[in-house]
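Please read the notes below with the model open beside you, and follow each point on the structure as you go. They are written for someone who is new to this kind of reading.

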Amino acid sequence: MKRFKKICSMQALFFISVLIICSAACSAALAGAALDVDGNGTVDGATDALLVNRYVHGFRGASLIAGAVGSGCTRCSALDIETYLAAMVASGDGGDTYTNGLGMTFKNIPAGTFMMGSPAHELGRSSDENQHQVTLTKSFYIQTTEVTQAQWTSVMGSNPSDFTACGNNCPVESVSWNDVQDFITKMNLRGEGTYRLPTEAEWEYSARAGSTTAFTNGGITNTSCDTLDSNLNIIGWYCGNANSTVHTVSQKQANAWGLYDMHGNVWEWCQDWYGTYPADAVSDPAGPFAGEYRVKRGGSWYGAAQYCRSADRGSRYPSGGSYSIGFRLVLSQVSR
């Protein structure tokens, strides 16, 4: 295994942070290392390979890396890395989250393959949801909650939301797709990393979190606002339980990947232009090259249960905001 380069710097009089920087060749070797990090007897991409990849690409704090492999580790062995990662998994920190300077927390979503769209028998489905196989070849970080009013205001200097009385930790809304691009431009000037909206495929993959049902926790039971959908009521705010208003983020149950409000509360803008799905299997789809409407996903406090399904597709002019539309970010590269 190739040597790591080590850079030490003194900060005040109290501590030394050691950065271990792996060369491209070393990164590739470690990322493919066959390490049973979680000790379950198998090597799998959902935990072991993913965690090693996060380690060698610097997604952990310098002090944690130094503490794990030791300040004298100039030739870090596979055992060093496995010991470190196993300890992190045991402590509940699998290295799969990142929190930026605004307090936005992002969850690492592993690469994988899923069926996008809905089966013909799913209650409330639309004709534009034809099922097709999608493979996402790269992992990505997605925000665990919708962007809040406080987070928007701290970047943009004002709050465009209709529901300001809901409070700082409620999702920002009444923002157009174009407004969100301005927000992202300013976020990318902060020097923390590269932010963007999720693609439509990334959004649905994240919402499903391995599920194949209408909602991440089960099927849809009704399409009425007058009768509670027993599954949606657990995970999201919609017309059946929201009392005609948005709600503080992360109050409902998260999905299996730790993401909140993927169903309901506010619609969420995606990066793609709206278009017809392909009939065949695809990898890393990004939607049409041009179009009239941008995609929105997830449903809202205002709509019925069928619009909150994982497969439901909405769209709107990119210049048009609404008191039922917000967004969450994807972080595709972290700056260190």
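1. Directly after helix 5 comes Gly 157, and the phi angle of this glycine is positive, near 90°. Helices here are DSSP runs of H or I with at least four residues, strands are runs of E with at least two, and both are numbered from the N terminus. Please keep in mind that this is a predicted model, in which local features need pLDDT of at least 70 and side-chain atom pairs count only at pLDDT 80 or more, while totals for chains, interfaces and linings use all residues. Residues are numbered from 1 along each chain as its sequence is written, and side-chain values use heavy atoms, with hydrogens and water left out.

2. Which residues of helix 5 (residues 149–156) are buried? They are Gln 149, Gln 151, Trp 152 and Val 155, where buried means under 20% relative accessible area, exposed means over 50%, and partly exposed lies in between (1.4 Å probe, protein chains only). Seen down the axis of helix 5, these buried residues fall within an arc of 165°, so they line one face of the helix; the arc is that of the directions from the helix axis to the C-beta atoms. As background, an α-helix has 3.6 residues a turn, so residues three or four places apart point the same way. The buried residues of helix 5 pack against strand 7 (140–143) and helix 6 (177–187), contact being taken as heavy atoms within 4.5 Å.

3. Thr 199 is found in the loop between strand 8 (193–196) and helix 7 (200–208). Thr 199 counts as buried because its relative accessibility is 12%. Leaving aside residues up to four places away in sequence, Thr 199 touches Cys 270, Gln 271, Asp 272 and Pro 285.

4. Strand 9 (residues 267–273) has six of its seven residues buried, so it is largely enclosed by the rest of the structure. Two bridges join strand 9 to strand 13 (residues 325–326), and these two run parallel; strands are said to pair if DSSP finds at least two bridges between them. With strand 11 (residues 294–297), strand 9 pairs in the antiparallel sense over three bridges. Glu 268 stands opposite Gly 326 in strand 13, and in strand 11 the bridge partner of Glu 268 is Arg 297.

5. The rings of Phe, Tyr and Trp (its six-membered ring) pair if their centres lie within 6.5 Å, with planes under 30 degrees apart called stacked, over 60 edge-to-face and the rest tilted. By this rule the count comes to 12 aromatic pairs. One of them is the tilted pair of Phe 114 and Tyr 205, at 5.2 Å centre to centre and 40° between the planes. This pair links distant parts of the chain, since Phe 114 is in strand 5 (residues 112–116) and Tyr 205 in helix 7, 91 residues apart. Phe 114 is buried, with a relative accessible area of 9%, and Tyr 205 counts as buried at 7% relative accessibility.

6. Phe 163 and Trp 301 form an edge-to-face pair, at 5.3 Å centre to centre and 80° between the planes. Phe 163, Trp 301, Tyr 302 and Tyr 323 form one aromatic cluster.

7. The charged end of Arg 294 sits over the ring of Trp 177, 3.8 Å from its centre, where sitting over a ring requires NZ of Lys or CZ of Arg within 6 Å of the ring centre and within 35 degrees of the ring normal.
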